[in-house]
Amino acid sequence: MMDELNDTATQFRDLIMRTQKSSLPITLQDFPKGACGDTTLLLGHHLAELGHGDFRYYLGWRDGRSHAWLQSGSVIVDITADQFEDFDDPVFVSDRSSWHEEFAGTDQHAANLAVFGEATEAMLRSAYEAILDSGK
(Lines give C-alpha, C1' and ligand atoms only; values in the text may rest on other atoms or scores of the structure.)
Protein backbone atom coordinates (compact mmCIF):
# COMPACT_ATOMS: atom_id res chain seq x y z
CA MET A 1 0.00 0.00 0.00
CA MET A 2 2.74 2.49 0.93
CA ASP A 3 4.65 1.82 -2.29
CA GLU A 4 1.51 2.37 -4.37
CA LEU A 5 0.74 5.60 -2.51
CA ASN A 6 4.32 6.78 -2.99
CA ASP A 7 4.22 6.00 -6.72
CA THR A 8 0.88 7.77 -7.19
CA ALA A 9 1.97 10.79 -5.14
CA THR A 10 5.25 11.00 -7.08
CA GLN A 11 3.44 10.85 -10.41
CA PHE A 12 0.97 13.54 -9.31
CA ARG A 13 3.76 15.83 -8.12
CA ASP A 14 5.55 15.33 -11.44
CA LEU A 15 2.36 16.27 -13.29
CA ILE A 16 2.01 19.45 -11.24
CA MET A 17 5.63 20.35 -12.02
CA ARG A 18 4.98 19.85 -15.77
CA THR A 19 1.77 21.87 -15.85
CA GLN A 20 2.05 25.32 -17.41
CA LYS A 21 1.89 27.89 -14.63
CA SER A 22 -0.66 29.92 -16.55
CA SER A 23 -3.04 26.94 -16.32
CA LEU A 24 -2.82 26.87 -12.53
CA PRO A 25 -4.31 29.13 -9.86
CA ILE A 26 -1.90 31.57 -8.22
CA THR A 27 -1.72 29.32 -5.17
CA LEU A 28 0.06 26.65 -7.21
CA GLN A 29 2.24 28.77 -9.48
CA ASP A 30 5.26 28.69 -7.15
CA PHE A 31 4.83 24.99 -6.32
CA PRO A 32 5.72 23.65 -3.81
CA LYS A 33 6.16 26.96 -1.99
CA GLY A 34 2.92 28.18 -0.47
CA ALA A 35 1.00 25.48 -2.31
CA CYS A 36 0.34 22.95 0.44
CA GLY A 37 -3.32 23.77 1.05
CA ASP A 38 -4.64 23.44 -2.48
CA THR A 39 -2.19 20.67 -3.31
CA THR A 40 -3.44 18.65 -0.35
CA LEU A 41 -7.02 18.94 -1.59
CA LEU A 42 -6.04 18.06 -5.15
CA LEU A 43 -3.92 15.07 -4.16
CA GLY A 44 -6.62 13.83 -1.78
CA HIS A 45 -9.12 13.99 -4.63
CA HIS A 46 -6.70 12.22 -6.95
CA LEU A 47 -6.02 9.41 -4.47
CA ALA A 48 -9.75 8.90 -3.93
CA GLU A 49 -10.37 8.87 -7.70
CA LEU A 50 -7.78 6.11 -8.07
CA GLY A 51 -9.28 4.01 -5.27
CA HIS A 52 -6.73 4.70 -2.54
CA GLY A 53 -9.45 5.62 -0.07
CA ASP A 54 -10.46 8.80 1.65
CA PHE A 55 -7.85 11.05 3.19
CA ARG A 56 -8.21 13.86 5.68
CA TYR A 57 -6.77 17.37 5.40
CA TYR A 58 -4.39 18.03 8.31
CA LEU A 59 -3.16 21.49 9.20
CA GLY A 60 -0.53 22.49 11.74
CA TRP A 61 1.67 25.38 12.76
CA ARG A 62 5.36 25.68 13.60
CA ASP A 63 7.39 28.84 14.11
CA GLY A 64 4.56 30.99 12.77
CA ARG A 65 4.23 29.00 9.52
CA SER A 66 1.38 26.71 8.62
CA HIS A 67 1.57 23.47 6.71
CA ALA A 68 -1.08 21.10 5.33
CA TRP A 69 -0.80 17.43 4.42
CA LEU A 70 -2.94 14.35 3.88
CA GLN A 71 -3.52 11.72 6.48
CA SER A 72 -5.53 8.50 6.65
CA GLY A 73 -5.24 6.92 10.07
CA SER A 74 -1.52 7.09 10.78
CA VAL A 75 -0.51 7.24 7.09
CA ILE A 76 0.86 10.64 6.05
CA VAL A 77 1.15 11.69 2.40
CA ASP A 78 2.88 15.00 1.72
CA ILE A 79 4.21 16.32 -1.60
CA THR A 80 4.99 19.90 -0.51
CA ALA A 81 7.07 19.53 2.68
CA ASP A 82 10.25 20.25 0.72
CA GLN A 83 9.23 23.90 0.63
CA PHE A 84 10.75 24.00 4.14
CA GLU A 85 14.52 24.24 4.56
CA ASP A 86 14.66 21.34 7.01
CA PHE A 87 12.84 18.79 4.81
CA ASP A 88 14.41 17.33 1.68
CA ASP A 89 12.01 14.67 0.41
CA PRO A 90 9.82 15.93 -2.44
CA VAL A 91 7.39 13.06 -1.77
CA PHE A 92 6.80 11.73 1.71
CA VAL A 93 4.64 8.69 2.50
CA SER A 94 4.96 7.08 5.91
CA ASP A 95 3.07 6.04 8.99
CA ARG A 96 5.25 8.19 11.26
CA SER A 97 7.02 11.51 11.03
CA SER A 98 8.60 13.46 13.84
CA TRP A 99 8.85 16.41 11.43
CA HIS A 100 5.08 16.51 10.92
CA GLU A 101 4.53 16.03 14.66
CA GLU A 102 6.37 19.33 15.24
CA PHE A 103 3.45 21.07 13.51
CA ALA A 104 0.93 19.54 15.92
CA GLY A 105 -1.45 19.15 13.00
CA THR A 106 -5.12 18.51 13.49
CA ASP A 107 -7.75 16.95 11.26
CA GLN A 108 -9.58 19.84 9.63
CA HIS A 109 -11.93 18.11 7.20
CA ALA A 110 -12.12 15.65 4.34
CA ALA A 111 -9.63 16.26 1.54
CA ASN A 112 -12.51 17.14 -0.75
CA LEU A 113 -12.54 19.71 -3.54
CA ALA A 114 -16.01 20.94 -2.51
CA VAL A 115 -15.14 21.74 1.11
CA PHE A 116 -14.73 25.51 0.54
CA GLY A 117 -17.76 26.11 -1.67
CA GLU A 118 -18.63 26.21 -5.34
CA ALA A 119 -16.18 28.88 -6.52
CA THR A 120 -13.17 27.17 -4.95
CA GLU A 121 -14.35 23.79 -6.15
CA ALA A 122 -14.60 25.09 -9.73
CA MET A 123 -11.10 26.60 -9.53
CA LEU A 124 -9.65 23.36 -8.11
CA ARG A 125 -11.45 21.17 -10.67
CA SER A 126 -10.03 23.34 -13.46
CA ALA A 127 -6.55 23.01 -11.96
CA TYR A 128 -7.01 19.25 -11.58
CA GLU A 129 -7.91 18.89 -15.26
CA ALA A 130 -4.91 21.01 -16.29
CA ILE A 131 -2.64 18.86 -14.11
CA LEU A 132 -3.95 15.61 -15.58
CA ASP A 133 -3.74 17.05 -19.12
CA SER A 134 -0.06 17.84 -18.61
CA GLY A 135 0.58 14.09 -18.63
CA LYS A 136 -0.94 13.56 -22.06
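I'll go through the aromatics, then a helix and a histidine, and then the salt bridges.

Quick housekeeping before that: this is a predicted model, so local features need pLDDT of at least 70 and side-chain atom pairs count only at pLDDT 80 or more, while totals for chains, interfaces and linings use all residues. Residues are numbered from 1 along each chain as its sequence is written, and side-chain values use heavy atoms, with hydrogens and water left out.

For a pair, ring centres of Phe, Tyr or Trp (the six-membered ring for Trp) have to lie within 6.5 Å; planes under 30 degrees apart are stacked, over 60 edge-to-face, and the rest tilted. Take phenylalanine 87 and phenylalanine 92: the planes sit at 75°, with the centres 5.6 Å apart, so that one is edge-to-face.

What I like here is that the pair links distant parts of the chain: phenylalanine 87 is in the loop between β3 (75-78) and β4 (92-94), and tryptophan 99 is in helix α3 (residues 98-101), twelve residues apart. Helices (H or I, at least four residues) and strands (E, at least two) are DSSP runs, numbered from the N terminus. Phenylalanine 87 and tryptophan 99 are both buried. Zooming out, one aromatic cluster takes in Tyr58, Trp69, Phe84, Phe87, Phe92, Trp99 and Phe103.

On to helix α4, residues 118-133. That's 16 residues, and from first C-alpha to last α4 reaches 22 Å, close to the 22 Å expected at 1.5 Å a residue; the expected span is 1.5 Å times one less than the number of residues. Which α4 residues are buried? They're Glu121, Leu124, Ala127, Tyr128, Ala130 and Ile131. The cover over the buried residues of α4 includes α1 (2-18) and α2 (36-49).

Histidine 45 sits in that helix α2. Its relative accessibility is 13%, so histidine 45 counts as buried. Ignoring neighbours within four places in sequence, histidine 45 is in contact (heavy atoms within 4.5 Å) with Ala111, Leu113, Arg125 and Tyr128.

Last topic, salt bridges. We have eight of them, each being a side-chain nitrogen of Lys or Arg within 4 Å of a carboxyl oxygen of Asp or Glu. Aspartate 107 bridges to arginine 56, with the closest N and O atoms 3.0 Å apart. Aspartate 107 is in strand β5 (residues 106-110) and arginine 56 in strand β1 (residues 56-62), so this pair ties together parts 51 residues apart in sequence. Aspartate 107 is partly exposed at 36%, and arginine 56 is partly exposed at 33%.

Then there's arginine 62 with glutamate 102, closest N and O atoms 2.9 Å apart. Arginine 62 is in strand β1 and glutamate 102 in the loop between α3 and β5, so they tie together parts 40 residues apart in sequence. Arginine 62 is buried at 14%, whereas glutamate 102 is partly exposed at 46%. And a network of salt bridges links Arg62, Asp63, Asp86 and Glu102.

Definitions and conventions. Buried means under 20% relative accessible area, exposed over 50%, partly exposed in between (1.4 Å probe, protein chains only).
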